[in-house]
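The stops below go from a pocket to a sheet and then to a hairpin.

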Amino acid sequence: MAFTVSVGEADFAVLREENAYYVDKTEIIYELVNDTKNKVTLFTRPRRFGKTLMMSMMENFFSIRKNSVSLFEGLSITEHRDFCKGWMNQYPVLFISFKDAEADEFDVAYAKIKNVIADVCKGISDIGLEKRVNLYDVEVFNRLQAQTGTEADIQNSLKTIMRMMNAVYGKKVILLIDEYDVPLAKASEKDTVENGYYSRMLDVIKGIMSTALKDNEFLRFAVITGCLRIAKESIFTGTNNFASYSVLDERFSRYFGFSEDEVETMLAAADRREAAEEIKEWYDGYVFGNSYVYCPWDVINHISVLKYKRTSKPKNYWKNTSHNGILLSFVRRTDFDVADKFETLLNGGTIRQAISDDLTYDTLHSSEDNLWSVLLMTGYITKANPDEEGEIVSLKIPNKEITSIFEDTVVSYFGESLNTQTINELIDSLWCSDEAKATEIISELLWDTISYNDYHEDYYHAFLTGIFVGRGYSVDSNKEKGLGRPDILLKDKKKRRAIIIEAKKSNKESEMDKDCDTAIKQIVREKYAQGLKDYEQIMCYGIAFFRKKAKVHKL
């Protein structure tokens, strides 16, 4: 059978029906049901680690409204024959996902929640026709389906639907809630004293969850996923036999993300074994419990690209799937002394930090410990030692992909925080051929931003670009000029003058002058000034960087 992967497909049935490659995680069903007595189980993991696909798989396994034998053929869960006989397609299942129920305003987000509930009702609309169902519940069900329900209808919606399903099928309901905290995460970002967005959304989610989970006689058991465990808001208070498993917990850790063996098996099936080392450097390194795992989203995306072009290099697939604002909010905090810690992490080192998985969205920014905990729970950092236990643990950046996100965040912050007067002084010094002044200012700017010891030319190139962009000049970066590409081309069209900059990274401080001269010679040799004949003044500079020091030479 030809190897195929389905990028972004989170519907288990579709994945199996299309014969797309599937990493078998079905054993979690047996372990969860057979080996625990949890009434409510919460799994918290970063985005893009397979939570939605896992929940879809569970729905297909348990749902009495489906016939899933063929979908699970050949998968590990079928080895438990008696278990499958008693559980596969034997229970009513209510599956709801809040992953898209977010917006900048409360009213829009609330409307999305109503829409999600309406879609669930439409998917099981036939139960509203059953004579065994309470007529009042049918009326509420119809309002939910038409999105005309009251606030009380919405808050009681899941329990209402479960009561109807119980009446129809004569069995308690398995409840699956995917990404329960997405509305709260977005609300915490947009919350202000004036609009009270977070508290309003918290009331909605708390109402929906509490009625569905607490003392619900129609509930067989519930499985919930999210990024964070909401502790202090009492969403789960009073829930019987409640268990939560975060990235810190060993149990169930192997079911989220791909192990190295699973990735190697997939690469073998795709005939791309030679990519194993690069994929490991870019997408491995997350520690869940005591297991090292790869991000499945990245692995699937990159193998899909490799199937099309065998020589494709890894890239960042994750940065556009999650909100990276938490990093910027961290860097911007002047009351937290985190610059040295960021530099240590970016240099491949580790830091020691107090960590907790009991967090609340409205207090995430109240302490440095909270922010480090959020970075851990959302996948931006990970434990450095899987066997380390306790509240204070060693942390690191897991891989090259996340390192690149950190670098981009540093550059973004640098561009936002630059002092306009200082930048104007720098540009004036370059127009006036003041090498010493330019050297002094650039070196000072390096000290004012977060950087790291494993410096490379790309970082310095982004550093320079961030200085000049948005200052009223035309800025070309690595565009074709002459026989090659100058790092920076700054054009003042009104005064018909231009600045060409070539940057070099020096291996030693003593080599900075030589590297400046090498950069200038490259400008001349590659004829970077060619094509600027209409400009009356063309300034050419070689700039050498060594860690947080700069040296500027003019042609």
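Begin with the largest pocket, which holds about 730 Å³ of space. A pocket here is an open set of points on a 1 Å grid over the protein atoms alone, where a 1.4 Å probe fits, with protein on both sides within 12 Å along at least five of seven lines; lining residues have an atom within 4 Å of a point. Points are joined across faces, edges and corners, and the volume is the space filled by probe spheres set on them. This is a predicted model: local features need pLDDT of at least 70 and side-chain atom pairs count only at pLDDT 80 or more, while totals for chains, interfaces and linings use all residues. Residues are numbered from 1 along each chain as its sequence is written, and side-chain values use heavy atoms, with hydrogens and water left out.

Select Ala10, Arg48, Gly50, Leu53 and Trp297: of the 31 lining residues, these lie nearest the centre of the largest pocket. The elements giving two or more residues to this lining are helix 3 (51–62) and helix 13 (296–308), and helix 3 gives the most, with 5 residues. Helices (H or I, at least four residues) and strands (E, at least two) are DSSP runs numbered from the N terminus.

Next, show the open sheet of 5 strands, ordered 2-3-4-1-6 with parallel pairing. Two strands pair if DSSP finds at least two bridges between them. Strand 2 (93–97) and strand 6 (242–245) are the edges; each has a single partner strand, so one side of each is left without a neighbour in the sheet. Inside the sheet, select strand 1 (residues 40–44) and strand 4 (residues 219–226), which pair over 5 parallel bridges. Val40 stands opposite Ala222 in strand 4.

Finish at strand 14 (residues 488–492). Is this strand enclosed or exposed? 5 of its 5 residues are buried, so strand 14 is largely enclosed by the rest of the structure. Buried means under 20% relative accessible area, exposed over 50% and partly exposed in between, with a 1.4 Å probe and protein chains only. Ile488, Leu490 and Asp492 point one way from strand 14, Leu489 and Lys491 the other. Lys491 has Ala498 as its bridge partner in strand 15. The two strands form a hairpin with 4 residues between them, and Arg496 in the turn has a positive phi of about 55°.
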